[in-house]
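This report looks at selected links and surroundings in one protein chain. Please keep the sequence and the 3D view at hand while reading.

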Amino acid sequence: MDRHPGFFPLLFSLIVICSIGFITLLIQTTAHAADHQETTWQLVFWANQEVACTFTVFGEDLPSSNEIEAACGIEIVHLWYSTPACTHPFFHENGTDVCSGLFLRKTSQQEQSIPEEEKTNETKNSLFMIRGCEPADLCNQLPIVVFRNNSAENNLPKHTLRVKIDTFEGECFDIECEMELPITNNEGKWVEFWTMSADGGQGIHSRFKYRAAIVPNTSNLMYQFDLISDAYPETTPFGSDIWKVFPQLSTKNLKIYEKPFSADFLTTTFHLSILAGKIIQHGLVDTSFCSNYGLMNDGSANGCGEKASAELVFFMQNQYNRLLFQSGKENHVPPNLIKSMIAQESQFWPYSETENEYGLGMITENGIDLLLRWNMSYYQKLCKTVFQQKPDVCEIQYSEISAAEQQILRGSALQKIGTDEEIDLLGAVLRASAAQVNQIVQNITGSDCEHTVLYEDMWKLTIANYYSGSGCIHNAMLITAAYKYDLTWDHVQNFLSGTCTRAKQYVENVYLFGNT
């Protein structure tokens, strides 16, 4: 309780805001609009989910009343402003069709075309760009890659640009050279390129991985184009920058892995009877009219209690959506997955009643140790903040600093529990777990993940590693490999033993939440 002073008064004030206008909860945007960005919005009827109006504005901020009126007309604007709060639809048999009026939602966001004179030197000097097909999209043509030979452009000593894809190897002598990327299988191909001087000296070898796989069962020939590259971080699938593995086409559209357009798309209506029970036990709703005051014998809410606490349950599970969206983007992990893990760990009740487990993600000191050992960027940022007067401490890895300094850093990280930085912390821990599992796979197989483990299995192993620890997962994977089974989650989970077996149900529950 002491870690969250003022939580309940704040909670009640926010609920009042939410009840005045349901739209307040649905519309969440980042703090600052990006330059050269267009955002598409829709006003949609609650009753039948039909779109009343679609319009585009510049920037990420909420559209103004003038912008909405100019696009949709005064009658639509008046109808939207007069829309009453829509009671949480979870207990309505027919869903939101009992609600009236309109709600506003963000549907897409994209960069504007930037005039040539405004393009930065970084854009002009990039070594390659993609044309004809956007990464992470379906295309009716193969993508074209354009390589730039900067030495030719800047009148430097003459260098050729060499490109290699599988057994193909070619040269580029001009400022720009383009080629159509060949069709691949689902695993994709690596493209390697480098400069070569006249005397045979080689520059730094750069590379990216792409997939241009034929999509089965389509009326017209279509290709699934995906890219793993630091030059296109926004379109690289979550986790693929660590594992160099593309999602299977069969799982690519699972909700849990989605990159949402905005925080709005993280809105959920999870059935959370334990959270409802906590709400009732702490007197946040009146359930005096319910049998046993709305509680089951195990402390969860009964049917009456769930109905009484429905609006607050809905609010509490969605109040972190903006932070989840930001954490997913910053840590390059699926925000839906972070949210699903919170749903399984704490059901969004912020106070842990389990010793040595803290906050929404029930994080432990061992979990913080995992974070600081396997997420170097987070470690560096925290270390430089904590040891501002001793910058030399942060020049070495966490494992190499003194035990006392490690303890200070773990404590500093745990202090973020109960603050706005907690969700970012959880995303950073999840990324650390993904990196550790990547190393475990390499240690056991002697090969990279891209040759041994599928994308979905990597995420399931990562989640299990977060929950049970590397000892459980490493041992189970060792036994799996010893029997010469593929390192799939279905195989690995069969070799979990003792308390480690709890990870089976944990992973299953997280995926149930995430794909609901």
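Are Cys383 and Cys394 buried or exposed? Both Cys383 and Cys394 are buried. The model is a predicted one.

**Disulfides**

Cys383 and Cys394 form a disulfide, with 2.1 Å between their sulfur atoms. Cys383 sits in helix α13 (residues 376-386), while Cys394 sits in the loop between α13 and α14 (403-414). The two are 11 residues apart, and the pair links distant parts of the chain. The torsion about the S-S bond of this pair is about -90 degrees, so the Cys383–Cys394 disulfide is left-handed.

The structure has six disulfides by count. Two others are described here. Cys133 is joined to Cys139, S to S 1.6 Å. The link of Cys133 and Cys139 is right-handed, with 75 degrees about the S-S bond. Cys133 and Cys139 are both buried.

Cys172 pairs with Cys177 in a disulfide, the sulfur atoms lying 2.0 Å apart. The torsion here is about 85 degrees, so the disulfide of Cys172 and Cys177 is right-handed. Cys172 has a relative accessible area of 3% and is buried. Another cysteine, Cys449, counts as buried because its relative accessibility is 0%.

**Salt bridges**

How many salt bridges does the structure hold? There are 16 salt bridges.

| Asp369 and Arg373 | 2.6 Å | Asp369, 17% | Arg373, 39% |

Take the Glu450 and Lys209 pair to begin with. Glu450 lies in the loop between α15 and α16, and Lys209 in strand β11 (residues 206-214), so the pair ties together parts that are 241 residues apart in sequence.

The salt bridge of Asp369 and Arg373 lies within one helix, α12 (residues 365-374). Why are Asp369 and Arg373 separated by about one helical turn? They are four residues apart in that helix, which gives about one turn between them. Asp369 is buried, whereas Arg373 is partly exposed.

**Around Glu450**

Where is Glu450 placed? Its place is the loop between α15 (422-445) and α16 (455-468). Glu450 counts as buried because its relative accessible area, 16%, is under 20%.

Which residues does Glu450 touch, not counting those up to four places away in sequence? They are Trp190, Lys209, Trp243, Lys244 and Val245. With Trp190, Glu450 makes a polar contact, side chain to side chain, at 3.0 Å.

**A nonpolar surface patch**

Which residues form a nonpolar patch on the surface? The patch is formed by Leu478, Ile479, Tyr483 and Tyr485. Together they have about 400 Å² of accessible area.

Tyr483 belongs to this patch. Its place is in the loop between α17 (470-482) and α18 (489-492). Is Tyr483 buried or exposed? Tyr483 counts as exposed because its relative accessibility, 54%, is over 50%. Glu450, also in a loop, is by contrast buried.

How values were computed:
Residues numbered from 1 in each chain as written. Predicted model: local features only at pLDDT ≥ 70, side-chain atom pairs only at ≥ 80, totals over all residues. Heavy atoms only, no water. Buried < 20%, exposed > 50% of the residue type's maximum accessible area, 1.4 Å probe, protein only. Polar contact = N/O pair within 3.5 Å; in protein donor to acceptor, adjacent residues only side chain to side chain. Contact = heavy atoms within 4.5 Å. Patch = residues over 30% accessible without salt bridge, like charges linked within 9 Å, V, L, I, M, F, W, Y side chains within 5 Å. Areas by Shrake-Rupley, 256 points an atom, 1.4 Å probe, with all protein chains shown as cover. Salt bridge = Lys/Arg side-chain N within 4 Å of Asp/Glu carboxyl O. Disulfide = S-S within 2.5 Å.
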